[in-house]
Amino acid sequence: MGNISYKSTRGLKGNFTASQAIIQGLAKDGGLFVPDRIPDIKEELHLIKNLSYKEMAYFVMSKFFTDFTEEELKECIDKAYGDKFDTTEIAPLKKVDDTYFLELFHGPTLAFKDMALSILPYLMKTAAKKENIKSEIVILTATSGDTGKAALEGFSEVPGVKIIVFFPEEGVSEIQKMQMRTHKGNNTYVVGINGNFDDAQTGVKEVFADKDLEDKLQKSNYMFSSANSINIGRLVPQIVYYFHAYAELFRKGEITWGDKINVTVPTGNFGNILAAYYAKNMGLPIDKLICASNTNKVLFDFLTSGRYDKNRDFVTTISPSMDILISSNLERLLFELSHGDTSKVNELMEDLKAKGNYKLEGDMHKGLLDFIGGYTDEEKTKNSISQVFKNHKYLMDTHTAVAYSVYTENKFNSRKNIIISTASPYKFTASVMRAIDSKYNESDDFKLLKEMGKLLDSSVPAQIKDIETAPIVHNGVCDKHEIKNMVEKILFN
Ligand SMILES: *Cc1c(COP(=O)(O)O)cnc(C)c1O
């Protein structure tokens with residue numbers, strides 16, 4: 001099939017191996033790494049019918065990471081998708097009413113970020129060895145709540161790596177905050193910022209691009225990389241579960257092989273749904289990609305009008321991991337829609353930076369037809385949680401509920417639909433319990449953990465059972481403009 005190489009969406013000269021792209025995270029010109037072509041697997045599709053999750057992971061990732069040997073890749077996969085997950089199925093598919101929930105929250109931090117962040121550290125370690133990297137790698141991460149803990153979990157105690165996480169101090173759930181602030185690990189740093197996720201992400205991207213800092217890093221034998229979905233090493237592992245879900249639907253007798261399905265994805269940074277877009281373009285029979293937003297509906301507006309406009313108020317919602325106005329991974333979609341026209345991508349990204357908006361014309365605009373945008377408000381999200389629980393005894397978290405609401409309001413065709421379930425309800429306990437019954441309005445996240453356990457007749461997941469009383473390890477907070485200072489303090493003091 002030939003090797004895949006990687007290049008920057010903004011046209012930086014040169015081709016990079018997957019290893020180089022994974023180690024660097026972001027390209028030096030500020031662009032995102034993209035494969036020079038999306039591997040076509042149509043001829044091989046029949047081979048996946050009976051693959052286990054790990055076998056599927058190898059099938060998909062070997063198509064993209066062509067510089068890894070079979071042995072190297074299989075070792076990474078084996079270590080990642082083992083007993084850190086609370087089910088051997090890794091990503092169970094549950095039928096509820098007329099739809100299917102693909103549960104991606106059975107990893108160590110109870111959110112779908114584990115699907116990729118369980119393997120990224122192994123990929124990065126292997127890549128660093130292959131490329132003979134002698135510097136210490138500093139993982140810089142901005143998080144809207146879930147990436148942070150999943151990255152800390154993955155990179156803790158990995159030799160030759162330090163990890164620094166920035167999160168919006170007022171923009172995450174209590175449980176998310178405690179998961180991060182109580183995280184042990186000598187190579188880990190966690191800092192809250194006075195600002196929102198976009199501020200954190202912009203600040204971190206600026207640090208990546210800072211030339212002065214780059215010199216200092218080199219002198220101290222450090223290099224930066226990223227654990228955000230801007231890293232291609234995170235995106236590719238996310239393609240796997242779309243293949244897995246398709247095969248599961250077939251094995252359960254719900255579809256005939258080759259039938260097209262729809263997927264509905266609760267979206268923030270556009271990473272998860274972009275992985276679905278890659279899966280579709282590889283040849284997995286997906287019809288519509290339904291992009292579900294909360295009140296921060298910048299993507300809905302974009303998909304319906306072709307105009308992206310971040311100039312609007314940022315709203316804090318009960319689905320905080322989707323409170324985002326600048327969806328980084330759209331840049332990769334623009335690259336695909338323009339057939340690799342990097343000067344066009346540059347132009348649009350310049351517009352976004354200078355004016356806060358851009359508009360697609362002609363064929364690029366038409367390319368958006370693979371997607372259907374939908375959004376929902378807080379009331380409908382809460383109603384969905386309570387209705388689905390009353391009628392089907394299935395408890396959704398607030399993010400999954402955004403996707404479910406959008407799905408029920410937009411039944412486009414008769415295709416089978418998969419809702420991507422991105423977090424355990426235990427991670428957003430208070431919002432979920434209050435949606436079910438207002439008698440919980442006065443209790444906090446931690447008090448409600450036990451109540452939720454009773455309701456579901458299950459025990460509180462071991463992953464978060466004790467965090468309320470765990471000692472705080474990281475208490476740093478900084479202004480949104482001080483991200484660079486903070487990084488320097490951590491690295492050079
Ligand atoms: C990160 C996250 C999302 C959004 O995913 P993107 O890849 O950023 O679009 C949705 N739900 C949960 C629970 C998340 O943690």
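A residue is counted as buried when its relative accessible area is under 20%. By this criterion helix 18, spanning residues 429-436 of the predicted model, is mostly covered, with six of its eight residues buried. These are Thr429, Ala430, Val432, Met433, Ala435 and Ile436. The partners against which the buried residues of helix 18 pack are helix 7 (174-181), helix 16, helix 17 and helix 19 (445-456). In an α-helix, residues three or four places apart point the same way, because each turn holds 3.6 residues.

Helix 12, formed by residues 298-305, likewise contributes buried positions, namely Val298, Leu299, Asp301, Phe302 and Leu303. The packing partners of these residues include both strands and a helix: strand 10 (286-293), strand 11 (307-309), strand 12 (357-359) and strand 13 (371-375), together with helix 13 (330-337). Helix 12 is followed directly by glycine 306, whose phi is positive, at about 80 degrees.

Most residues other than glycine have a negative phi. Lysine 393 is placed in the loop between helix 16 (378-392) and helix 17 (398-409). With a relative accessible area of 58%, lysine 393 is exposed.

Within strand 4 lies threonine 99, which is buried because its relative accessibility is 0%. A polar atom of the threonine 99 side chain is positioned 3.0 Å from the backbone oxygen of asparagine 417. When residues up to four places away in sequence are excluded, the contacts of threonine 99 comprise Lys94, Tyr404, Tyr407, Asn417 and Ile419.

The ligand is surrounded by 15 residues, of which Lys113, Asp146, Gly268, Asn269 and Thr422 are the closest. An oxygen atom of the ligand lies 2.6 Å from a polar side-chain atom of lysine 113. A polar backbone atom of asparagine 272 is found 2.9 Å from a ligand oxygen atom, and a nitrogen atom of the ligand is separated by 2.9 Å from an N or O atom in the side chain of threonine 422. Of the 380 Å² that the ligand exposes when taken alone, 97% is buried by the protein. The space that the ligand takes up is the largest cavity.

Glutamate 157 occupies the loop between helix 6 (146-155) and strand 6 (161-168). Its relative accessible area of 52% is over the 50% threshold, and glutamate 157 therefore counts as exposed. Once neighbours within four places in sequence are set aside, glutamate 157 is in contact with Gly185, Asn186 and Asn187. For the pair formed by glutamate 157 and asparagine 186, the C-alpha atoms are 6.7 Å apart, although 29 residues separate the two positions along the chain.

Notes: Residues are numbered from 1 along each chain as its sequence is written. This is a predicted model: local features need pLDDT of at least 70, side-chain atom pairs count only at pLDDT 80 or more; totals for chains, interfaces and linings use all residues. Side-chain values use heavy atoms; hydrogens and water are left out. Buried means under 20% relative accessible area, exposed over 50%, partly exposed in between (1.4 Å probe, protein chains only). Helices (H or I, at least four residues) and strands (E, at least two) are DSSP runs, numbered from the N terminus. Contact means heavy atoms within 4.5 Å. A residue is near a molecule or strand if one of its heavy atoms lies within 4 Å of it. A polar contact is a pair of N or O atoms within 3.5 Å; within protein, one must be able to donate a hydrogen and the other to accept it, and residues adjacent in sequence count only if both atoms are side-chain atoms. Accessible areas come from the Shrake-Rupley method with a 1.4 Å probe; for residues, only the protein chains shown count as cover. On a 1 Å grid over the protein atoms alone, a cavity is a set of points where a 1.4 Å probe fits but cannot get out, and a pocket is an open set with protein on both sides within 12 Å along at least five of seven lines; lining residues have an atom within 4 Å of a point. A molecule sits in a cavity or pocket if more than half of its atoms lie within 2 Å of its grid points.
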